[in-house]
Amino acid sequence: MSGMMNKVAFMFRTGPHGSASGREGLDAVLATSALSEDLGVFFSHDGVYQLLAEQDPSVILGRHYTPTFGLLDLYDVEQVYVCQQSLSERGLLPEQISIPVQVLAPIAWQQTLAGFNVRLSF
């Protein structure tokens, strides 16, 4: 293979329940991690809710897959980013996030994301 390897960003922007896109995105991240070490996972907008520790989706009969994001560490996915602004706008604190992440202010968020040439939204 010639040229630059694709750096893939997986962007989670939707809340965890009411749609399967978060779980599908997570499956895609884990599958891609087997092929590439150059991937980043970005949580913004309502996507930040995917990472909150205390959730009870059984209330709306959803499958509780948030703990599955803990697999990111097992799969050596270390570039995991959360938008500070998205947290603030929702009254959330970094301490409420259930996995190791880097919380980025807007400028750092844009700069980090700019380093990825393929972006997939979930």
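Here are some friendly notes on the structure above, point by point.

1. **What the model is.** This is a predicted model, in which local features need pLDDT of at least 70 and side-chain atom pairs count only at pLDDT 80 or more, while totals for chains, interfaces and linings use all residues. Residues are numbered from 1 along each chain as its sequence is written, and side-chain values use heavy atoms, with hydrogens and water left out.

2. **Overall layout.** The protein chain has four helices and five strands; helices (H or I, at least four residues) and strands (E, at least two) are DSSP runs, numbered from the N terminus. Read from the N terminus, the order is β-α-β-α-β-α-β-α-β.

3. **Contacts and surface.** Take the contacts (heavy atoms within 4.5 Å) between residues at least 6 apart in sequence: 75% of them join residues at least 24 apart. The accessible surface, from the Shrake-Rupley method with a 1.4 Å probe and with only the protein chains shown counting as cover for residues, is about 6800 Å², and 54% of that belongs to carbon and sulfur atoms. Of the 122 residues, 39% count as buried; buried means under 20% relative accessible area, exposed over 50%, and partly exposed in between (1.4 Å probe, protein chains only).

4. **The largest core.** A nonpolar core is a set of buried Ala, Val, Leu, Ile, Met, Phe, Trp, Tyr and Cys residues joined through side-chain atoms within 4.5 Å. The largest one has 22 residues, and F12, V29, V41, F43, F69 and L72 touch the most other members. Two or more residues come from each of β1 (8-12), α1 (21-33), β2 (39-43) and β3 (80-83). A second, separate core has nine residues, including A9, Y81, L113 and F116.

5. **A look at F12.** Leaving out residues up to four places away in sequence, F12 touches a list of residues that includes L26, V29, V41, F43, F69 and F122. Glycines are on that list too, among them G22, G25 and G47.

6. **Salt bridges.** How many salt bridges does a search of the whole structure find? There are two, each defined as a side-chain nitrogen of Lys or Arg within 4 Å of a carboxyl oxygen of Asp or Glu. One joins R90 and D46 (2.8 Å, N to O). These two residues are 44 apart, with R90 in the loop between α3 (84-89) and β4 (102-104) and D46 in the loop between β2 and α2 (71-74). R90 also pairs with E89, their closest N and O atoms being 3.5 Å apart, and D46, E89 and R90 are linked in a network.

7. R90 is partly exposed at 22% relative accessible area, and D46 is partly exposed at 35%. E89 is exposed, at 54%.
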